[in-house]
Structure formats: structure tokens, C-alpha cells
Amino acid sequence: GPCTECSCSSGKEPDKDPSHTKKKENGDRLCVPKIFFGTRTHKQITQITRELKRTAYSYVPMTILSSRDYTCIHPVVSNSSNRNEMCVELLEGKHGRSCSYYHGAHKLGEHHVLQSAPGVYQAWDIEDLVSLGRKLRACAYFAARELMVGADIVFCPYNYLLDPQIRESMDIKLKDQVVILDEAHNIEDCARESVSYGVTESQLRAAREELDFMVSNNIRQKHHEQLRAVCCSLI
């Protein structure tokens, strides 16, 4: 049966694509681990993919996970300050319209520019994917995520591997996979950042006003009084 432990089965038949599934004696598939390559910044990914192109491994199926800040091409969403929220709202069709780029995402992953010949991949960079997305009117953000299924190597910033919320939203499963962290001395700062949160004084004051309202209207008064006390002490 198909392997359930890892997400490496690319949906292709095993005989056509021996790199992803090696048959065991009893017919079970042996999963080949993915390599997750984490870097500090998106810029470093560009440098590494450039180096990958120059090696004998430039044909290995790959993908780059990055934020919508780098990959969104929707004319309205990409110019917004809150791309993530606007994207999600569009996909949920909250205002009666959806994102046509999202529906074309699969066209990007299957496109020949990412392959030097049918079934033979070539290393690429975020800019390559985004400019191809513009040509095909297809979403590079979701295409890159789809490509993760069949990829042998996945490039991404550290926090995609360290932050459990991002891991979950990106559907990154690290069990039994290979993880490489470039310049790993930066990991501590990144781990700290991923569990830190900044809040302004005006946000605290707005929160206190809302909590005042909750308390005065007897809405879960006991809980809200404690939160209000925290807000007041911080202010």
C-alpha cells in the first residue's frame, strides 16, 4: 500500500519514478527521506539554489517555501499590508469572489520551464517561479507548496522548521526526514523570535477598553477581570 509515514509519495507510478519509492520484498514502499534545508534569510536561498545549479544534483526535484510577501502576484493582495489575511479571505470567497491565480497553481508545478526535459527537473529560484507565475497567471505560493509533495529537497527559512504553527500551516512533517540548518549559530535568535510577540501601548489601551466593556456587561466577568488587571499593570 502507499506509505503513510511520510509525504514523499508524489502520486506518480513507482516504475516511472524510481527516485521516490523503492519497492520492498513484501510490496510495501520504502520511503526516501526529504532534505529540508533551512537558511536564515530568503536571500540565502537564492545563493544556495544558484550553487545547486552548478552541481551534479541540479536535476533533483526541489521546492522553495516562502511567504506571500515574496510570491503573491494578485494585484490587490500583493499590495496590501496584510497579505496573509486577504489571501485567506479570498480563498474562502467571503466577498463573493475567489482568486483566479490560486486555481491555476497546478499549471506552474507541471510547467516545462521547471524541467529541462519531461520528467527531468532543473534547479530554480523564487524569482524564476514568480516570473513564470506572472506569465501563466498562476499562484507561485501555492505551487511551491504543491511541489513539496514530490520534492527531494525543500529550501525554506529557519522559522518554517522551528515554529510549530508555521510547520502545521505549511504541512511540514519532519519525522524521519533529513534537516540541514545553514549557519546554525543563528538558531537561538530565531527560536526566541518565533515565541516572542510585540504589542504597542495603544493596542494595550484598546484591549483594556474592550475588557472594561466585558466586565461591566457581566460577560465571563471573572476571566476578563484578570486579563484587565494584566493590561493595566503593563500600561
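## A first stop: E183

Let's start at E183, which is partly exposed, with a relative accessible area of 33%. Here buried means under 20% relative accessible area, exposed means over 50%, and partly exposed is in between, using a 1.4 Å probe and protein chains only. The model is a predicted one: local features need pLDDT of at least 70 and side-chain atom pairs count only at pLDDT 80 or more, while totals for chains, interfaces and linings use all residues. Residues are numbered from 1 along each chain as its sequence is written, and side-chain values use heavy atoms, leaving out hydrogens and water.

E183 sits in the loop between β8 and α10 (187-194). Helices (H or I, at least four residues) and strands (E, at least two) are DSSP runs, numbered from the N terminus. The phi of E183 is near 50 degrees, a positive value in a residue other than glycine. Most residues other than glycine have a negative phi.

## Another positive phi

N218 also has a positive phi, of about 55 degrees, although N218 is not a glycine. You will find N218 in the loop between α11 (201-216) and α12 (221-234). Is N218 buried or exposed? With a relative accessible area of 57%, N218 is exposed.

## The strands around β7

Strand β7 covers residues 153-157, and five of its five residues are buried, so β7 is largely enclosed by the rest of the structure. Its residues point two ways: I153, F155 and P157 face one way, V154 and C156 face the other, and all are buried.

Which strands pair with β7? Strand β3 (residues 35-39) runs parallel to β7 and is joined to it by five bridges. Two strands count as a pair if DSSP finds at least two bridges between them. Along this pairing, I35 stands opposite I153, and F37 stands opposite F155. Strand β4 (residues 62-64) also pairs with β7 in the parallel sense, over three bridges, and T63 of that pairing has V154 as its bridge partner in β7.

Strand β3 is mostly covered, with four of its five residues buried.

## A cavity inside

How many cavities of 30 Å³ or more does a search of the whole structure find? The search finds one. On a 1 Å grid over the protein atoms alone, a cavity is a set of points where a 1.4 Å probe fits but cannot get out, and lining residues have an atom within 4 Å of a point. The largest cavity holds about 100 Å³ of space, where a volume is the space filled by probe spheres set on grid points joined across faces, edges and corners.

The lining of the largest cavity is made of 13 residues, and C72, H74, C87, C99 and C139 lie nearest its centre. The elements giving two or more residues to this lining are α3 (83-92), α4 (100-103) and α7 (140-147). By class, the lining has eleven nonpolar, one polar and one charged residues. Ala, Val, Leu, Ile, Met, Phe, Trp, Tyr, Cys and Pro count as nonpolar, Asp, Glu, Lys and Arg as charged, and the others, Gly among them, as polar.

## Cysteines

A disulfide is a covalent bond between the sulfur atoms of two cysteines. The rule used here asks for a pair of cysteine sulfur atoms within 2.5 Å, and by this rule the count comes to zero.

C232 is partly exposed, at 37% relative accessible area. C190, by contrast, counts as buried at 13% relative accessibility.

## Two buried residues to look up

T71 belongs to helix α2 (residues 68-71) and is buried, with a relative accessible area of 3%. A polar atom of the T71 side chain lies 2.9 Å from the backbone oxygen of S67. A polar contact is a pair of N or O atoms within 3.5 Å; within protein, one must be able to donate a hydrogen and the other to accept it, and residues adjacent in sequence count only if both atoms are side-chain atoms.

W124 lies in the loop between β6 (120-121) and α6 (126-136). At 4% relative accessibility, W124 counts as buried. W124 and K53 are 71 residues apart in sequence, and their C-alpha atoms are 7.8 Å apart in space.

Methods:
1 Å grid on protein atoms, 1.4 Å probe; cavity = no way out; pocket = protein on both sides within 12 Å on 5 of 7 lines; lining within 4 Å.
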